[in-house]
Amino acid sequence: MPELSPQDWQAIAVTLKLCALTTAILLVLATPLAWWLAHRQSPSRTVVQALVALPLVLPPTVLGFYLLIALGPRGPVGQTLESMGLTHLAFSFEGILVASVIYSLPFAVQPLVEAFRHLGTRPVEVAASLGAGPLDRLFTVILPLCRGGFIVAATLTFAHTLGEFGVILMLGGSIPGETQVLSVLIYDYAEAMDYAAAHRLSLGLLIFAFVVLVAVYSFNRRFDGVRP
Amino acid sequence: MTLQVRARVQRGDFSLTINDTLPSNGITALFGRSGCGKTTLLRIIAGLEKLRDAEVSFNGEVWQAGRRRMPINRRRLGLVFQESSLLPHLSVEANLMYGYRRTTEGQRRLHPETVRPLLALDDLLQQPVHTLSGGQRQRVALGRALLTSPQLMLLDEPLSALDTTAKREILPFLSGLSTTTGVPMLLVTHSAREVEQLADQVAFMEQGRIERVEPLREALTRPESPLFSDEGPATVLQGDLRETGEGQWQFVTPGGNGRPSVVFQVSGQSSHHTSLHRLRILASDVSLALTQPQGISIRNMMPVRVERIEQSDEHRCTISCRLADGQLLLSRITLQSVVELGLAPGDSVVALVKSAALME
């Protein structure tokens, strides 16, 4: 095993932090969204469905470009933040975190929608009639009965965020310790013709991604809907 | 004690217009054909239908007013659905206790040690949910709902997914459950048999409306009642089941007021059915004879007095006969027979009951 440089380790730390936070945030956001998509017959449902799936088809550079404009110092979000005495989000860890949440949204939502459809509304109605409030129902009925869906959603979100490149490059650049994630660092190494360094990180990511997917597919054979 | 509902639903061809007050004591059957809106009404009462504009109140407590809905988990009602609704990741015991644990101590009136024997649940506690039969599942579901000490139980066709054997098993448990526990029940059903065996009063639904709410006793006196549209008129007698020998059962009506009780020989019963107190006899299973016939397979021959003769259609008449104990027994015979026998109100005749069973 070739030695990893301090810069490699720093990138690994940033990447893991980004993946873990993205996964945590997305599970919280995607659960109510997926429930709504699975069980509400509303005219706005199709539009929301399309919006959620948009990051699947959009070039990451397009997403990164608009996020750069929106979150940057002159964008609506960036300006609002600055007027509140905060800093804008371009070229910052918080910025790429927002980007990752949007970019990986379909990978959290779709497995959950599938799981919630499979569950149906009946167990939740029953639990409600037995006196369970909304959070109680989430933790005592939905979570245990849709465990597989949550595990798949979390794993895919984590793995997909790990492979994020274009959005981060557009919005975050390559600031060591802040926005320099593994995929960006590999690009930098390759640009600098340091193929040995690029290779050791690439191989590591390749093996990691493969192991994660094998784990997911063996855990949930029914899962065929979303492909990263 | 009343349940007030006002609601309007329009979905394609389906429409529902309700502005009624339902009794909330004993068992009220919501009876109608499939598609008449009875399940939708039940879901509105439960708060499971998200309507923009409806009013539901129970004994003065507002459950819905316009858009504002009291969350279902605060309504304190028990729900039992047609298909098994047990939580599959929990044991039978955990299912039973799910609602009990979420009921505050001050509101607990029904406890596991009371409810378990009522529904014979003790033997099931340790079994995994997926090994239970359909009838057993519904018993657990009933017990689980009762253990929340609900103000009202909503039963949505709880027997219709069960086969005949399972129905026979569970009906005796349901009968009398409302009286024993003091919990009023609303029973959605399309089965006249279930209504006649269980209900205290009936709300007749047709095409999204409640046409009439009346005590079962009154509904049974109307020959044109929707209860009779499938199998014709039927008599429901009150009484008790008694064992007279090995596998020999009698249904004995109470009599009283100087009147004797009437005894029917009934078949296919067991001690499990002694909680049933209603004997249902189809009018088409009752023939009349002027004198007691000899050498006949029919075991139930009752002396009766003809009270009323009504022509039901072109060929058939429905005869109301008074049994010795004072209860009415309906007989449906052809017009020709009425003429040939020369039947008239006041005549003393013999009613031949072809089949008498508490349940089929």
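## Helices H5 and H8 of chain A

Helices H5(A) and H8(A) run roughly antiparallel to each other, because angles over 145 degrees count as roughly antiparallel and this pair packs at about 160°. The model described here is predicted. H5(A) covers residues 93–119 and H8(A) residues 147–162, and their axes lie 8 Å apart. The crossing of the two helices is right-handed.

On the side of H5(A), the contact is made by A:Ser100, A:Ser104, A:Phe107, A:Ala108, A:Pro111, A:Leu112, A:Glu114 and A:Ala115. The partners in H8(A) are A:Gly148, A:Gly149, A:Val152, A:Ala153, A:Leu156, A:Thr157, A:His160 and A:Thr161. Sorted by class, the contact of H5(A) with H8(A) comprises eight nonpolar residues, seven polar residues and one charged residue.

## Helices H3 and H5 of chain A

H5(A) also packs against helix H3 of chain A, residues 60–71; the two axes come within 11 Å and cross at roughly 135°. That angle makes H3(A) oblique to H5(A). The crossing of H3(A) and H5(A) is right-handed.

From H3(A), the residues A:Pro60, A:Leu63, A:Gly64, A:Leu67 and A:Leu71 take part. They meet A:Gly95, A:Val98, A:Ala99, A:Ile102 and A:Tyr103 of H5(A). The contact of H3(A) with H5(A) has eight nonpolar and two polar residues, and no charged residues.

A:Pro60 belongs to helix H3 of chain A.

Leaving aside residues up to four places away in sequence, A:Pro60 touches A:Tyr103, A:Phe165, A:Gly166 and A:Val167. A:Phe165 is 105 residues from A:Pro60 along the chain, yet the C-alpha atoms of the two are separated by 7.8 Å.

## Helices H10 and H11 of chain A

Helix H10 of chain A (residues 182–191) packs against helix H11 of chain A (residues 195–219) at an angle of about 150°, and their axes are 8 Å apart. This arrangement makes H10(A) roughly antiparallel to H11(A). The crossing in which H10(A) passes H11(A) is left-handed.

In H10(A), the contact involves A:Leu182, A:Leu185, A:Ile186, A:Tyr189 and A:Ala190. In H11(A), it involves A:Tyr195, A:Ala197, A:Ala198, A:Leu201, A:Ser202 and A:Leu205. The contact of H10(A) with H11(A) has ten nonpolar residues and one polar residue, and no charged residues.

## The interface between the chains

Where chains A and B meet, 17 residues of chain B are in contact with 13 residues of chain A. Two elements of chain B, strand E7 (77–80) and helix H2 (92–101), are those that give two or more residues to the side of chain B that touches chain A. The largest share of that side, three residues, comes from E7(B).

Eight nonpolar, seven polar and two charged residues form the side of chain B that touches chain A.

## Domains of chain B

The domain assignment of chain B gives domain 1 (2–215) and domain 2 (237–353). Taken over C-alpha atoms, the centres of domain 1 and domain 2 of chain B are separated by 34 Å. Six residues from domain 1 of chain B and six residues from domain 2 of chain B take part in the contact.

Helix H7 of chain B, residues 192–198, provides the largest share of the side of domain 1 that touches domain 2, namely three residues. By class, the side of domain 1 of chain B that touches domain 2 of chain B has one nonpolar, three polar and two charged residues.

## Positive phi angles in chain B

Most residues other than glycine have a negative phi. B:Ser149 is not a glycine but has a positive phi of about 45°. B:Ser149 is placed in the loop between helix H4 (134–146) and strand E8 (152–156) of chain B. It counts as buried because 21 C-beta neighbours lie inside 10 Å.

B:Gln207, likewise not a glycine, has a positive phi of about 45°. Its loop is the one between strand E10 (201–206) and strand E11 (209–215) of chain B. With 14 C-beta neighbours inside 10 Å, B:Gln207 counts as partly exposed, whereas B:Ser149 counts as buried.

How values were computed: Residues numbered from 1 in each chain as written. Chains lettered and ligands numbered in written order. Predicted model: local features only at pLDDT ≥ 70, side-chain atom pairs only at ≥ 80, totals over all residues. Contact = placed C-beta atoms within 7 Å. Helix = DSSP H or I, 4+ residues; strand = E, 2+ residues; numbered from the N terminus. Nonpolar A, V, L, I, M, F, W, Y, C, P; charged D, E, K, R; others polar. Buried ≥ 20, exposed ≤ 12 C-beta atoms within 10 Å, placed from the backbone. Domains from an automatic or database assignment. Axes fitted to C-alpha atoms, helices over the stretch in contact; angles between N-to-C directions. Parallel < 35°, antiparallel > 145°, perpendicular 65-115°, else oblique. Left-handed = near helix turned anticlockwise from the far one by under 90°.
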